[in-house]
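I opened my notebook to look up a few things in one structure. Here is what I wrote down as I went.

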Amino acid sequence: PLGEMAAAVGAIASVSGIRPTIENVVATANLKCKLDLMQIAKKARNCEYNPRVLHVEACSCAQRFSAVVIRIKEPRATALVFSTGRMVVMGAKSVENAHTAVTKFIKIIKKTGFIIEDDKVQTLLHNVVGCADVKFHIDLNSLFSEHNRYSSFDPESFPGLTYRMMDPDVVILIFCSGKVVLTKAKNPDHVVMAFEKIYPILEQFRLKQS
């Protein structure tokens, strides 16, 4: 499924003439087996395991974060491996790289002594993050005034406007400088589709240079 999603991106017509850059692809995999995290930490390279340290981003309450962190350089990616057999892979710059990273992390875990049946592994894209620059400044106050049903804007707490697009289901962070961050997309073509839909709206609130 990851490969099919990658092939579909190039088929989307561009109205803006700008192609968002994919900055991060987060994929999850279910290895369908229980894992001894200490065993992985002792036998695998480029990994760390400290169950006593709280991972602030991973939990919103006072719970201990227990996962092995494994890193690879090619493609550059990081995996969080849990004892349940669940694995979260992040940091890849494309769907292809995410798929390659998942395969490499599975091989690393296998070498530490675990039997993983490749045909039973379930891999899903969880979040795709893209960035773009429209090359003009945007009047965020006016944009928010006209589109407050779908957006939130509080410049005293965060400099960007948050626009929640429904179709595709993507959260867009818009900055007055013209920088745009598209996040929580389920695949790369949703990033492109969301940008193509938001671009004409941004043009309506383009600030004229004096």
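Predicted model: local features only at pLDDT ≥ 70, side-chain atom pairs only at ≥ 80, totals over all residues.

Is Thr-112 buried or exposed? I looked it up: Thr-112 is buried, because its relative accessible area is 2%. My note on the words: buried means under 20% relative accessible area, exposed means over 50%, and partly exposed is in between, with a 1.4 Å probe and protein chains only.

**Ground rules**

Residues are numbered from 1 along each chain as its sequence is written, and side-chain values use heavy atoms, with hydrogens and water left out.

**Whole chain**

I looked up the helices and strands next: the chain has five helices and ten strands. Both are DSSP runs numbered from the N terminus, helices being H or I with at least four residues and strands being E with at least two. Of the 210 residues, 44% count as buried. The chain exposes about 12300 Å², and carbon and sulfur atoms supply 51% of that. Those areas come from the Shrake-Rupley method with a 1.4 Å probe, and for residues only the protein chains shown count as cover. I also checked contacts (heavy atoms within 4.5 Å). Among those between residues at least 6 apart in sequence, 63% join residues at least 24 apart.

**Back to Thr-112**

Where is Thr-112? I found it in the loop between α3 and β6 (122-133). Its side chain reaches the backbone oxygen of Ile-109 at 2.5 Å. Leaving aside neighbours within four places in sequence, Thr-112 is in contact with Gln-39, Ile-40, Lys-43 and Ala-44.

**Leu-140**

I turned to Leu-140, which lies in helix α4 (residues 140-146). Leu-140 counts as buried because its relative accessibility is 6%. Which residues does Leu-140 contact, leaving aside its neighbours within four places in sequence? I listed Phe-153, Pro-159, Leu-161, Ile-174, Phe-175 and Cys-176. I noted one more pair: Leu-140 and Leu-202 are 62 residues apart in sequence, yet 9.2 Å apart in space, C-alpha to C-alpha.

**Cysteines**

How many disulfides does a search of the whole structure find? I got zero. A disulfide is a pair of cysteine sulfur atoms within 2.5 Å. Cys-176, one of the Leu-140 contacts, is partly exposed, with a relative accessible area of 45%. Cys-47 counts as partly exposed too, at 21% relative accessibility.

**Salt bridges**

I used this rule: a side-chain nitrogen of Lys or Arg within 4 Å of a carboxyl oxygen of Asp or Glu. The structure holds five salt bridges, and I wrote up some of them.

Glu-23 forms one with Lys-93, the closest N and O atoms being 3.3 Å apart. This pair links distant parts of the chain, 70 residues apart: Glu-23 is in strand β1 (residues 21-30), and Lys-93 is in the loop between β5 (86-92) and α3 (95-111). Glu-23 counts as partly exposed at 31% relative accessibility, and so does Lys-93 at 47%.

Asp-118 pairs with Lys-110 in a salt bridge, with the closest N and O atoms 2.9 Å apart. I have Lys-110 down as partly exposed, with a relative accessible area of 29%.

Lys-120 forms a salt bridge with Glu-117, and here the closest N and O atoms are 3.6 Å apart. Lys-120 is partly exposed at 45%, and Glu-117 is partly exposed at 41%.

How values were computed:
Polar contact = N/O pair within 3.5 Å; in protein donor to acceptor, adjacent residues only side chain to side chain.
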